[in-house]
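Hi,

Here is the structure I promised to pass on. Have a look at it first, and my notes follow below.

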Amino acid sequence: MLKLAWWKWLCIILMVYTVVAGFLMGVPRLPILNETIRNQHFHVTMWFAMILLLVTSLVYSIRYLAKGRIEDDIAASQSAYTAVVFGVLGLVTGSIWATYTWGEPWSGDPKQNSAAIGLLMYLAYAILRGALPEQQQRGRISAIYNIFAFAIFIPLIFILPRLKDSLHPGNGGNPGFSAYDLDARLRAVFYPAVIGWTLLGWWITTLRIRYQKLINTL
Amino acid sequence: MAVLQDLGTVGRQTAALIGKEFTIEWRQKYSLGSILLYAGGAVFLVYLSFTGRSSALHPIVWHTIYWVILLFSAVTVTARSFINEQRGLKIYYYTLAHPAAIILAKVAYNALMLVLTSTLSLAAYALFLKFPVQAPGLYLLNVGVAALGFACTLTLVSGIAAAAQAGHTIMPVLSFPLLVPQLLIHLKAGKSALDGLDSGIIMNHIWPGLGMGLLSLALSLLLFPFLWKA
């Protein structure tokens with residue numbers, strides 16, 4: 001048997017379940033959305049995982065500023081990078097979905113634009129890290145930027161789209177829960193999927209952290 | 001009581017530092033002049049682009065281009081606040097003043113500079129390209145609040161960029177995504193003022209803009225001490 005931690009097994013099971021159940025389980029028939037509501041299992045859940053990874057990154061950044069341990073800096077940066085990958089995937093899945101529901105992949109929807117800007121913020125984080133050669137300074141400066149960026153990111157993607165009209169399902173009040181009329185069948189895939197994606201993201205991040213630590217010791 | 005004494009010290013140091021910034025600015029007049037020339041040049045370029053086809057300059061285009069000019073000028077003005085400071089002077093200030101005083105002074109100075117730059121460039125804009133705004137007072141208020149908000153965000157970013165090698169190159173990269181929320185809010189408010197909507201609606205947009213600026217200010221005050229130590 002492979003020697004994997006319990007949570008990695010859980011991740012595998014949940015991801016397989018998400019993909020299988022996401023495509024095969026029955027879904028309620030909502031106007032306009034029809035079968036495409038299945039996208040919710042992937043697009044929305046990946047976004048949730050991305051947010052959780054960014055919160056993780058924020059926490060590690062704060063810890064780095066408090067204690068100055070380089071492991072915290074590595075964890076902060078790698079979880080931010082994984083979050084960026086999830087963000088890109090979220091945009092791609094959203095665009096694919098939009099092609100069939102809204103008619104075009106990029107329709108300038110406020111949430112879409114806000115998501116893209118958020119991604120730019122964290123890409124700028126990566127560039128900033130690249131521009132700082134000295135390790136301690138890099139950790140400190142990028143931690144400061146991370147905290148600042150997160151504090152602006154949250155209003156950007158949650159509050160701003162609600163101030164404007166949007167085609168995004170769920171933009172009439174809540175972040176997407178009620179508007180889907182989440183019934184038991186959808187919930188049964190949604191929550192495990194969020195946990196699954198988050199665990200997957202964290203798994204990838206831990207691998208990257210180990211890789212980074214190896215590079216540092218060499 | 002110690003807190004009040006601390007606040008008093010911070011207040012006095014802030015005032016002194018703001019005075020120092022203005023003195024330096026007055027001695028190196030070319031800095032302010034170059035910013036005004038930058039904005040003025042941009043305005044004139046837009047004017048030349050639209051001469052003869054002034055019918056193409058719909059109010060919304062007028063409005064959008066002005067804000068683009070304002071955005072770039074804001075980044076240029078605030079970039080100077082930390083990036084151009086010499087190393088020796090930095091260490092000198094570090095020993096003298098409370099970090100809160102330093103960041104507050106820089107934010108206040110940048111805010112004043114941005115309000116000045118934005119209103120002067122708006123005046124130049126109006127001179128060349130007319131002023132098709134139906135609620136001018138609220139439009140000006142919007143510009144003023146935006147200038148304050150931008151200053152709050154950009155001052156800390158300037159400090160971050162100054163720590164990196166190529167400060168001036170990285171400053172736009174870092175600042176544009178962070179400014180977008182405020183920019184979107186102010187663009188909306190400006191558009192409403194342009195169309196002459198009810199003042200209640202416009203203020204509904206200006207308040208969140210101010211809120212975001214204050215959020216940035218609070219974060220700057222929290223985070224700057226860490227930056228100063230680096």
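Some housekeeping before the rest. This is a predicted model, where local features need pLDDT of at least 70 and side-chain atom pairs count only at pLDDT 80 or more, while totals for chains, interfaces and linings use all residues. Residues are numbered from 1 along each chain as its sequence is written, chains are lettered from A and ligands numbered from 1 in the order in which they are written, and side-chain values use heavy atoms, with hydrogens and water left out.

**Chain A overall**

Chain A has six helices and zero strands (DSSP runs numbered from the N terminus: H or I of at least four residues for helices, E of at least two for strands). Of its 218 residues, 52% count as buried (under 20% relative accessible area; exposed is over 50%, partly exposed in between, 1.4 Å probe, protein chains only). Among the contacts in chain A with a separation of 6 or more, 74% come from residues 24 or more positions apart (contact means heavy atoms within 4.5 Å).

**α3 against α4**

In chain A, helix α3 (residues 70–101) packs on helix α4 (residues 110–130) at about 150°, and their axes are 10 Å apart (axes are lines fitted to C-alpha atoms, for helices over the stretch in contact; angles run from 0 to 180 degrees between N-to-C directions). That angle makes α3(A) roughly antiparallel to α4(A) (over 145 degrees; under 35 is roughly parallel, 65 to 115 roughly perpendicular, the rest oblique). Residues making the contact include Ala80(A), Val84(A) and Leu91(A) from α3(A), and Leu119(A), Leu123(A) and Arg129(A) from α4(A). By class, that contact has 13 nonpolar, four polar and two charged residues (nonpolar: Ala, Val, Leu, Ile, Met, Phe, Trp, Tyr, Cys and Pro; charged: Asp, Glu, Lys and Arg; polar: the others, Gly among them).

Thr198(A) is in helix α6 (residues 184–217) of chain A. Thr198(A) counts as buried because its relative accessibility is 18%. Leaving out residues up to four places away in sequence, Thr198(A) touches Ala49(A) and Leu52(A).

Over in chain B, Val157(B) is part of helix α6 (residues 136–163). Val157(B) has 1% relative accessibility, so it counts as buried. Beyond neighbours within four places in sequence, its contacts include Phe148(A) and Met171(B).

Cheers
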